[in-house]
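Subject: Handing over the structure

Hello,

Here is the structure I promised to pass on. Have a look at it first, and then read my notes below.

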Amino acid sequence: MPSFPCFSISMTDDGCHAAPAGGADDDMCSARLEINVAEQRTKHARMGPGRRSARQRPQALRLRNFANRVAQPSRKPTAMAASATAEPSPPPTHQFPLPKILEYPASTPPCLITQGAEGRLYKTTYLTPDTPCALKYRPPKPWRHPILDQRLTKHRILSEARILVKCQRDGVRVPAVYAIDESAGWLMLEWIQGTPVRVNINKWLGSRTEGIADDARLKDLMRRIGTAVGSMHKIGIVHGDLTTSNMMLSPPSGSSEQVDDLCGDIVIIDLGLASGAVHEEERAVDLYVLERAFGSTHPRAECLFGELLDAYRGCFKQAPTVLKKLEDVRMRGRKRSMLG
């Protein structure tokens, strides 16, 4: 016979109450429970259904249910029941509101990579869990008029997508476009494996201060950068923000050669400020921006920038004219620096 806890049951206007009787064995507890329940039922039966208030009728039903529960032996919840009643883990919180496309359930939660002046970059997956991609999102700007903000966002998203498609079609190594929603303000791109050129150059230089001008590996990297920029200028595209942070060094796949920090293909990224250009002036300004950024980011390797320009010179036939125009842009930049 299962053991029963010993309770004394009473019903008041406030509801059903049970208190441990204490000091009796299991049989006495069971008998006392039955007697108390019978007394309560007899008391309420004498009142009659008509004399019971609307509040007292549910109390009798609660008393009966409580007596049935007490009469059942206590059982420990199984592991499966405990896991079923456990509260689900809350979804991960994000520092910024996610775009609608990233709020849908996915096998891989989005991860914020970086935030710029115009947008945010997330890492997520495309169609399948093993296909990583980058989602570039331009959130609404509350300080701008809503209609103006929507028009600017649409224009810039579409412009970047068109330039990326043109570069990829003409053989310039840039991220591929997977999907686009200019109304929602996002652009889904290929995820480029590797690290920024800035990181690789700084890691290669380390703490060295001598022998940099004769470093053959660094010279080879600078020539590859010059070829990549020249290929982009050849098809009439200027980047607008050329820096070593906006170039990725993607490691070669399936290569049997020894791989070091400077191996890989140059991939130009972040073409949000890019535009079409047919004049040598615009291309020269693009090179000047890269030259100034390189000198401030890698001052010890500034002596190797000539290798980049030499490789650029042989990319297309207008390149010598662009380099000549670069001298004029440099003079204007120096004059502006002197005059403030």
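Helices (H or I, at least four residues) and strands (E, at least two) are DSSP runs, numbered from the N terminus. Please keep in mind that this is a predicted model, where local features need pLDDT of at least 70 and side-chain atom pairs count only at pLDDT 80 or more, while totals for chains, interfaces and linings use all residues. Residues are numbered from 1 along each chain as its sequence is written, and side-chain values use heavy atoms, with hydrogens and water left out.

H5 itself spans residues 197-205, and its buried residues are Val197, Asn200, Ile201 and Leu205. Buried means under 20% relative accessible area, exposed over 50%, and partly exposed in between (1.4 Å probe, protein chains only). These four residues of H5 lie on the same side of the helix, because they cover an arc of only 125° around the axis, taken from the directions from the helix axis to the C-beta atoms. They pack against strands E8 (195-196), E10 (247-250) and E11 (265-268), and against helices H6 (216-234) and H7 (280-297).

The largest has 48 residues, and Leu221 and Ile225 have the most contacts inside it. H6 gives the largest share of this core, seven residues. Beyond its neighbours within four places in sequence, Ile225 is in contact (heavy atoms within 4.5 Å) with Val197, Met247, Ile266 and Leu308. Another core, of eight residues, lies apart from the largest one, and Leu98, Tyr122, Trp186 and Met188 are among its members.

Arg283, in helix H7, is worth a look too. It is buried yet has no salt bridge, and Glu280, the nearest side chain of opposite charge, is 4.7 Å away. A salt bridge here is a side-chain nitrogen of Lys or Arg within 4 Å of a carboxyl oxygen of Asp or Glu; Lys and Arg count as positive and Asp and Glu as negative, while His and the chain ends are not counted. Leaving aside neighbours within four places in sequence, the contacts of Arg283 include His233, Tyr312 and Phe316.

Lastly, the loop between helix H3 (79-85) and strand E3 (111-115) holds Ala106, which counts as exposed at 54% relative accessibility.

Best wishes

How values were computed:
A nonpolar core is a set of buried Ala, Val, Leu, Ile, Met, Phe, Trp, Tyr and Cys residues joined through side-chain atoms within 4.5 Å.
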